Amino acid sequence: MNVELNLGSIEIPLSEGILWADEYRRDFQTEEGRRKKVDGYLIPLQTLKSVLDQDIQAVRAYKAINNAGEQTLIFVGAVWDATEKIYKDVFKNNGVGNGETVVYDGSRPVPPYGDPNSPLDP
């Protein structure tokens, strides 16, 4: 798709991210699912920079369906908890308005946002 991404804000409230992830899980409860197969994701650099701009040791990506009905990835930072022996999600406060906790989006599904000349794009 020859369209430059104009993503607007890549921050979404954690509460909305929870709804998107729930929508994804409901969508794929049936064997065939309702949506087309996604082979990959186009991830804007700003999304990665924003999630990495935290004191974290890892990044976790959750599958979700956004408000436009597209399959997407939601990114959150994670830190190792030696007591529980797991990486725990950490959330950043955006510091704007009511200081809402945010997660990061901005990815777009492949197809249609693929590279038709790439050997990885079917």
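Tutor: Helices (H or I, at least four residues) and strands (E, at least two) are DSSP runs, numbered from the N terminus. Residues are numbered from 1 along each chain as its sequence is written, and side-chain values use heavy atoms, with hydrogens and water left out. The model is predicted: local features need pLDDT of at least 70, side-chain atom pairs count only at pLDDT 80 or more, and totals for chains, interfaces and linings use all residues.

Student: What is the mean pLDDT of the chain?
Tutor: pLDDT is the predictor's confidence in each residue, from 0 to 100. In the chain, 82% of residues reach 70 or more. The mean is 83.

Student: Where is confidence highest, and where is it lowest?
Tutor: β5 is highest, at a mean of 95. The lowest mean is 84, in β6. Where pLDDT is low, the predicted coordinates should not be read in detail.

Student: What is omega for the bond that joins P111 and P112?
Tutor: P112 also has its place in the segment after β8. The bond is cis. Its omega is about 10 degrees.

Student: How many bridges join β4 to β5?
Tutor: Two strands pair if DSSP finds at least two bridges between them. β4 covers residues 71-81 and β5 covers residues 86-90. They run antiparallel, and the number of bridges is 5.

Student: Which residue in β5 stands opposite W80?
Tutor: Take two positions across this pair. G77 faces V90 in β5. W80 stands opposite Y87.

Student: How many bridges pair β3 with β4?
Tutor: These strands are antiparallel too. They form a hairpin with 5 residues between them, and G69 in the turn has a positive phi of about 80 degrees. V59 stands opposite G77 in β4. The bridge count is 8.

Student: How many of the residues of β4 are buried?
Tutor: Buried means under 20% relative accessible area, exposed over 50%, and partly exposed in between (1.4 Å probe, protein chains only). β4 is mostly covered. The count is 9 of 11.

Student: Is K85 buried or exposed?
Tutor: K85 lies in the loop between β4 and β5. Its phi is positive, about 60 degrees, although K85 is not a glycine. Its relative accessibility is 60%, so K85 counts as exposed.

Student: Which residues make the nonpolar surface patch?
Tutor: Like charges are joined within 9 Å, nonpolar side chains (Val, Leu, Ile, Met, Phe, Trp, Tyr) within 5 Å. Helix α2 (residues 45-52) gives the largest share, 3 residues. The patch is about 350 Å² (Shrake-Rupley areas, 1.4 Å probe), made by L45, L48, L52 and V59.

Student: What is the relative accessible area of V59?
Tutor: V59 is found in strand β3 (residues 58-65). V59 is partly exposed. The value is 38%.

Student: Which residues does K92 touch?
Tutor: K92 is found in strand β6 (residues 92-93) and is partly exposed at 25%. Contact means heavy atoms within 4.5 Å. Not counting residues up to four places away in sequence, K92 touches S50, D53, Q54, E100, T101, V102 and Y104.

Definitions and conventions:
Patch = residues over 30% accessible without salt bridge, like charges linked within 9 Å, V, L, I, M, F, W, Y side chains within 5 Å. Salt bridge = Lys/Arg side-chain N within 4 Å of Asp/Glu carboxyl O.
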